[in-house]
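These are my notebook entries on a structure that I looked up residue by residue. I begin with a single residue and then turn to the chains.

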Amino acid sequence: MFYKVRLFLSITLLSLSLISCSKDEANSAENLTGRIGSTEFIVQDSSDLRFDGVSLRGSGTAIAKLPADEIAGEKNFELTFTLNNGGVVEIKAFGNDLLQNAVGIKFSRTGDTLKVELTNKTTTLDISSAFSQLDANSTLSLHFDVHNGETPAHIIGWTSSIQSPDSSNSSFDSERDEDTFGAFSGKGEGVYWGLSLQDSTVSQANLREVKFED
Amino acid sequence: MKIKGDKLTILSATATTVLILSLPTKASTDTAGLQTNIAVDVVGTIPSRGEDSKKSHFKPRDAEIAFHGPIDHLLQGWLGVAAHEEDGKAFFELHEAYIATSMLIPHTRVRMGQFFLPIGRLNSTHRHEWPFIFAPEVQKSFFGNEGIADSGFEFTSQLPTSHPFEVSMGMTQGWTFGHTHNEGFKPKVPTHYARFSTFFDLKQKGGLQTSINALRRVDSNNIDTTLIGLDSMLKWRERKTLPFLLQAELWWRSIKPFRERSSEAVGYYFFPQIITAEDLYLGILYDQYEPTNLRDANGQDITQRQSSWAPTLTWKPSEFSTFRLNYTWNLETNHTKSAKLKQSFLGIQSTFILGAHPAHDF
């Protein structure tokens with residue numbers, strides 16, 4: 001009798017351990033690391049985000065392992081991505097280690113409509129009109145200068161087809177149209193950068209030297 | 001305040017000003033009257049082979065017009081405007097506009113208006129007066145390519161001691177700090193600064209000036225910026241030449257957003273220079289800049305250092321004209337990798353001053 005009770009308890013404990021291990025394996029995706037091109041990312045908060053060897057796909061947040069620059073620095077962020085219907089890709093620059101309080105450039109797709117927003121801690125600004133030439137159904141390739149040493153942060157965006165980017169051939173310049181974009185104030189309050197995805201795929205995410213120098 | 005214009009407009013304005021200044025006026029015949037000077041700084045760079053040749057250029061970097069003189073028996077006035085090129089367009093902007101007096105408080109100069117903040121050596125002097133062509137990285141990162149100017153008031157006092165000590169303290173509105181294209185935003189705490197200087201007479205007409213500087217402001221986003229620095233100038237003079245000069249600065253900066261981790265950086269430069277022949281000087285600028293508490297997303301410390309070497313040859317026929325040639329090597333060390341050459345280029349500079357030039361500080 002005692003032997004049977006001990007056997008029952010052992011089997012029960014073993015089963016509980018196996019279940020716990022399975023949950024741990026599922027949760028360990030939160031620490032999933034991988035590369036998009038040469039840039040190493042660490043998944044922060046989702047088990048639905050996966051690296052497939054050449055891209056990052058799914059929904060969740062991933063932080064680049066190496067910081068963008070010091071807080072008053074400036075860098076160019078190069079991005080190639082595809083949005084599913086209802087999908088979102090946001091690049092967050094100069095945020096803290098949870099990618100909070102960053103400068104964000106957010107792309108959202110609803111059907112054939114692409115919405116582009118500039119975000120920071122306190123402001124969300126619709127800048128879709130600057131990117132009206134883009135096709136929401138296609139793979140999009142852009143790059144953005146974020147000059148976080150200026151106040152407010154100076155953001156300039158180009159499509160990757162521009163061979164010699166400068167402020168005159170940019171699609172967007174946060175200082176160019178002060179009537180509309182003068183509403184953007186503030187800057188990033190950290191040194192890190194990363195991506196926030198929802199039902200999307202990012203196939204390129206690179207950090208470069210700025211294209212435009214004041 | 002900026003006014004757009006094209007190059008022809010700048011030349012026209014400069015030519016007109018020179019013409020006006022050359023006409024006899026009551027002020028110019030008054031020995032205590034208005035003094036004017038024009039300073040032009042032309043700079044070129046030629047990247048080394050293999051780099052982007054589109055970065056080659058040779059063009060005016062600054063064109064300044066300054067007026068200063070007595071307002072009345074108590075006050076003096078200073079006005080300086082400068083033209084810079086940005087993005088292919090010329091902008092006139094106000095550099096300095098202030099009144100000053102040494103007649104109200106004994107051993108104290110008070111000034112009020114817009115001026116370059118007197119912290120550090122480079123920030124206190126106009127760029128065309130620097131002993132080298134390009135700003136060291138610490139100057140560019142902390143103060144911008146040219147320096148910080150702001151509006152406020154300042155007191156500078158000679159302490160009543162046998163050894164010379166000078167203290168400057170000021171407060172400026174702090175709506176902007178560094179490079180910006182807008183009027184800025186009202187800060188939580190305005191810019192305030194202090195500078196403590198001393199001077200040592202050395203044998204054979206030498207001198208050493210050393211200063212400690214501190215500055216702080218909290219901007220509209222509640223980001224607290226603190227700067228502490230040390231600057232020194234060591235030189236010997238023989239008549240109008242400087243057989244030896246050593247200029248150096250060391251700076252530390254902390255930028256702390258509200259409830260976030262601070263970002264700290266250290267930078268320094270030193271520039272020794274000797275005379276090699278009549279009016280010909282050879283110097284070398286070394287500077288280094290490094291964020292000191294950078295970590296990766298796993299919390300591991302990482303290194304990100306920039307340094308540069310720039311041997312510089314200067315021909316100075318008089319105090320009114322200067323010609324310079326230098327070659328710069330910029331190196332960077334990122335993360336765990338060893339230093340690599342980021343860029344190298346030849347630099348050329350020509351500066352001239354027309355009119356009365358104010359007396360230099362040491």
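**Entry 1: a strand residue of chain B**

I began with I255(B), which lies in strand β12 of chain B; helices (H or I, at least four residues) and strands (E, at least two) are DSSP runs, numbered from the N terminus. The model is predicted, so local features need pLDDT of at least 70 and side-chain atom pairs count only at pLDDT 80 or more, while totals for chains, interfaces and linings use all residues. Residues are numbered from 1 along each chain as its sequence is written, chains are lettered from A and ligands numbered from 1 in the order in which they are written, and side-chain values use heavy atoms, with hydrogens and water left out.

Is I255(B) buried or exposed? I noted that I255(B) counts as buried because its relative accessibility is 9%; buried means under 20% relative accessible area, exposed over 50%, and partly exposed in between (1.4 Å probe, protein chains only).

I then listed its contacts (heavy atoms within 4.5 Å). Leaving aside neighbours within four places in sequence, I255(B) is in contact with I71(A) and A72(A), and also with I223(B), D224(B), T225(B), R261(B), S262(B) and S263(B). I also looked up R237(B), which is 18 residues from I255(B) along the chain, and found their C-alpha atoms separated by 40 Å.

**Entry 2: the contact of the two chains**

I next looked up the interface. The contact takes 28 residues from chain A and 27 residues from chain B. The area buried between the chains is about 2400 Å², and carbon and sulfur atoms give 52% of that area; buried area is the accessible area (1.4 Å probe) that two parts lose on being put together, summed over both.

How many salt bridges are counted between chain B and chain A? The count is one, where a salt bridge is a side-chain nitrogen of Lys or Arg within 4 Å of a carboxyl oxygen of Asp or Glu. R253(B) forms a salt bridge with E70(A), and the closest N and O atoms are 3.3 Å apart.

On the side of chain B that touches chain A, β12 (241–256), β13 (263–277) and β14 (280–291) of chain B each supply at least two residues.

**Entry 3: a loop residue of chain B**

I found N293(B) in the loop between β14 and β15 (304–318) of chain B. N293(B) is buried, because its relative accessible area is 17%. Its side chain reaches the backbone nitrogen of E264(B) at 3.0 Å. Not counting residues up to four places away in sequence, N293(B) touches R261(B), S262(B), S263(B) and E264(B).

**Entry 4: strands of chain A**

Of its 214 residues, 51% count as buried.

I looked at strand β2 (residues 39–43) of chain A, where four of the five residues are buried. Strand β1 (residues 33–36) of chain A pairs with β2(A) in the antiparallel sense over four bridges; two strands pair if DSSP finds at least two bridges between them. R35(A) has E40(A) in β2(A) as its bridge partner. The hairpin of β1(A) and β2(A) has two residues between the strands, and G37(A) takes a positive phi near 65° there. β2(A) also pairs with strand β4 (residues 56–64) of chain A, in the antiparallel sense over three bridges. There, V43(A) has A62(A) in β4(A) as its bridge partner.

**Entry 5: salt bridges within the chains**

Over all chains, the structure holds 17 salt bridges. One of them joins the side chains of D69(A) and K75(A) at 3.4 Å, N to O, and both D69(A) and K75(A) are buried. D69(A), K75(A) and E209(A) are linked in a network of salt bridges.

In chain B, the side chains of R111(B) and E154(B) meet in a salt bridge (3.1 Å, N to O). R111(B) lies in strand β6 (residues 108–116) of chain B and E154(B) in strand β7 (residues 149–158) of chain B, so the pair ties together parts that are 43 residues apart in sequence. Both R111(B) and E154(B) are buried.

Conventions
Polar contact = N/O pair within 3.5 Å; in protein donor to acceptor, adjacent residues only side chain to side chain.
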